Amino acid sequence: MDALNTAGLGARRNEDIALDLLKFVAGTTGVGRPAAGSTGFSGASAPKPEEHVTQLLELYTRCLKAVEGKGA
């Protein structure tokens, strides 16, 4: 908590930046969004909610590594 108090008002934590990046990428690409229903044949069943959560957590981890400058 002291780190937050000593940080400048304009400073942002890497976690916050990674979360913003996650929101942008997920919103742009549709990651974690349920598949839209369609008429006709469908080859695969809809992903489960647990799979959506797993995708988002993996994406957040990748975003955090990118913000910290670590290789994927």
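Which residue forms a salt bridge with Asp16? In this predicted model, the partner is Arg13, and the closest N and O atoms of the pair sit 3.8 Å apart. Neither end is tucked away: Asp16 counts as partly exposed at 31% relative accessibility, and Arg13 is partly exposed too, at 42%.

Let's step back and look at the chain as a whole. You'll find three helices and zero strands, so the pattern along the sequence reads α-α-α by the DSSP runs used here. The chain has 72 residues, and 11% of them are buried. Now look at who touches whom: if you take the contacts with a separation of 6 or more, 73% of them join residues 24 or more positions apart.

Back to the charged pairs. The count comes to three salt bridges, and Asp16 with Arg13 is one of them. Another links Arg12 to Asp20, where the closest N and O atoms are 2.2 Å apart. Arg12 has a relative accessible area of 46%, which makes it partly exposed, and Asp20 gets the partly exposed label at 35%.

Then there's Lys70, which pairs with Glu68 at a closest N and O distance of 3.5 Å. Here the two ends carry separate labels: Lys70 is exposed because its relative accessible area of 53% lies over the 50% cut-off, whereas Glu68, at 34%, counts as partly exposed.

Notes. Residues are numbered from 1 along each chain as its sequence is written. This is a predicted model: local features need pLDDT of at least 70, side-chain atom pairs count only at pLDDT 80 or more; totals for chains, interfaces and linings use all residues. Side-chain values use heavy atoms; hydrogens and water are left out. Helices (H or I, at least four residues) and strands (E, at least two) are DSSP runs, numbered from the N terminus. Buried means under 20% relative accessible area, exposed over 50%, partly exposed in between (1.4 Å probe, protein chains only). Contact means heavy atoms within 4.5 Å. A salt bridge is a side-chain nitrogen of Lys or Arg within 4 Å of a carboxyl oxygen of Asp or Glu.
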